[in-house]
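The exercises below are to be worked with the sequence and the model side by side. Each one sets a task and then gives the solution in steps.

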Amino acid sequence: MKQVLLVFFGGGIGSVLRYIIGKYLNNPSDGIPYGTFAANILGSLLIGIILGLAAKNDSLTTNQTLLLATGFCGGFTTFSTFAYENHVLLKSGDFTSFALYTIGSFIVGFLAVFLGMFLVKS
């Protein structure tokens, strides 16, 4: 039960922080939803750092990893919002923003995870 509460608490904090970032950075008239992009990339970097620390000499406990990686990063990043925003871009005919947002999210997201793992190894 304690582990479920850790994930619940971390997820709540992550979700609220993602909402705040989206509120200030997402602007429908700009095309690309920068808030969701920023949350997903930052969350990818953070999960790389967190899981890198967890793997490195057992620097984090299982409970800390659940709170931070599963809970916080899981609540902070969002695939469902990413998918919906891509739907909106396609429906509006903004294929350039769709392509930039989708490809950029995947490439930069993967690179951010690898960067986080690399930073911990150094």
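**Exercise 1. Helices α4 and α5**

Task: find how the axes of helix α4 (residues 79-91) and helix α5 (residues 95-121) are oriented, and which residues make the contact.

Solution. The model is a predicted one.
Step 1: the axes of α4 and α5 come within 8 Å of each other and cross at roughly 155°.
Step 2: angles over 145 degrees count as roughly antiparallel, so α4 is roughly antiparallel to α5.
Step 3: the crossing in which α4 passes α5 is left-handed.
Step 4: α4 brings Phe82, Glu85, Asn86, Leu89 and Leu90 to the contact, and α5 brings Phe95, Ser97, Phe98, Tyr101, Thr102, Ser105 and Phe106.
Step 5: sorted by class, the residues of this contact are 7 nonpolar, 4 polar and 1 charged.

**Exercise 2. Aromatic rings**

Task: describe the aromatic pairs that involve phenylalanine 82, with the phenylalanine 79 ring and with the phenylalanine 106 ring.

Solution. 
Step 1: a search of the whole structure gives 4 aromatic pairs. One of them joins phenylalanine 79 and phenylalanine 82, with 5.8 Å centre to centre and 45° between the planes, a tilted pair.
Step 2: both of these residues, phenylalanine 79 and phenylalanine 82, lie in helix α4, 3 residues apart, which is about one turn of the helix.
Step 3: compare their accessibility. Phenylalanine 79 has 59% relative accessibility and counts as exposed, whereas phenylalanine 82 has 7% and counts as buried.
Step 4: for phenylalanine 82 and phenylalanine 106, the ring centres are 5.7 Å apart and the planes stand at 85°. Planes over 60 degrees apart count as edge-to-face, so that is the class of this pair.
Step 5: this pair links distant parts of the chain, with phenylalanine 82 in helix α4 and phenylalanine 106 in helix α5, 24 residues apart.
Step 6: phenylalanine 106 counts as partly exposed, because its relative accessibility is 41%.
Step 7: Phe79, Phe82, Tyr101 and Phe106 together form one aromatic cluster.

**Exercise 3. Helices α2 and α3**

Task: determine the relative direction of α2 and α3, and sort the residues of their contact by class.

Solution. 
Step 1: α2 and α3 have axes 9 Å apart and pack at an angle of about 170°.
Step 2: the two helices, α2 and α3, are therefore roughly antiparallel to each other.
Step 3: the α2 side of the contact consists of Ala39, Leu42, Gly43, Leu46, Ile47, Ile50, Leu51 and Ala54, and the α3 side of Thr65, Leu68, Ala69, Phe72, Cys73 and Phe76.
Step 4: by class, 12 residues of the contact of α2 with α3 are nonpolar, 2 are polar and none is charged.
Step 5: take threonine 65 as a case. Threonine 65 belongs to helix α3 (residues 62-76) and counts as buried, because its relative accessibility is 16%. Apart from neighbours within four places in sequence, threonine 65 is in contact with Leu51, Ala54, Leu60 and Thr70.

**Exercise 4. The whole chain**

Task: how many helices and strands are there in the chain, and what percentage of the residues is buried?

Solution. 
Step 1: the chain has 5 helices and 0 strands, and the elements run α-α-α-α-α from the N terminus on.
Step 2: of the 122 residues in the chain, 35% are buried.
Step 3: of the contacts between residues at least 6 apart in sequence, 73% join residues at least 24 apart.
Step 4: along the principal axes, the C-alpha atoms fill a box of roughly 50 × 35 × 20 Å.

Conventions: Residues are numbered from 1 along each chain as its sequence is written. This is a predicted model: local features need pLDDT of at least 70, side-chain atom pairs count only at pLDDT 80 or more; totals for chains, interfaces and linings use all residues. Side-chain values use heavy atoms; hydrogens and water are left out. Axes are lines fitted to C-alpha atoms, for helices over the stretch in contact, and angles run from 0 to 180 degrees between N-to-C directions. Helices (H or I, at least four residues) and strands (E, at least two) are DSSP runs, numbered from the N terminus. Angles under 35 degrees count as roughly parallel, over 145 as roughly antiparallel, 65 to 115 as roughly perpendicular and the rest as oblique. A crossing is left-handed if the near helix is turned anticlockwise from the far one by less than a right angle, and right-handed if clockwise. Contact means heavy atoms within 4.5 Å. Ala, Val, Leu, Ile, Met, Phe, Trp, Tyr, Cys and Pro count as nonpolar, Asp, Glu, Lys and Arg as charged, and the others, Gly among them, as polar. Buried means under 20% relative accessible area, exposed over 50%, partly exposed in between (1.4 Å probe, protein chains only). Rings of Phe, Tyr and Trp (its six-membered ring) pair if their centres lie within 6.5 Å; planes under 30 degrees apart count as stacked, over 60 as edge-to-face and the rest as tilted.
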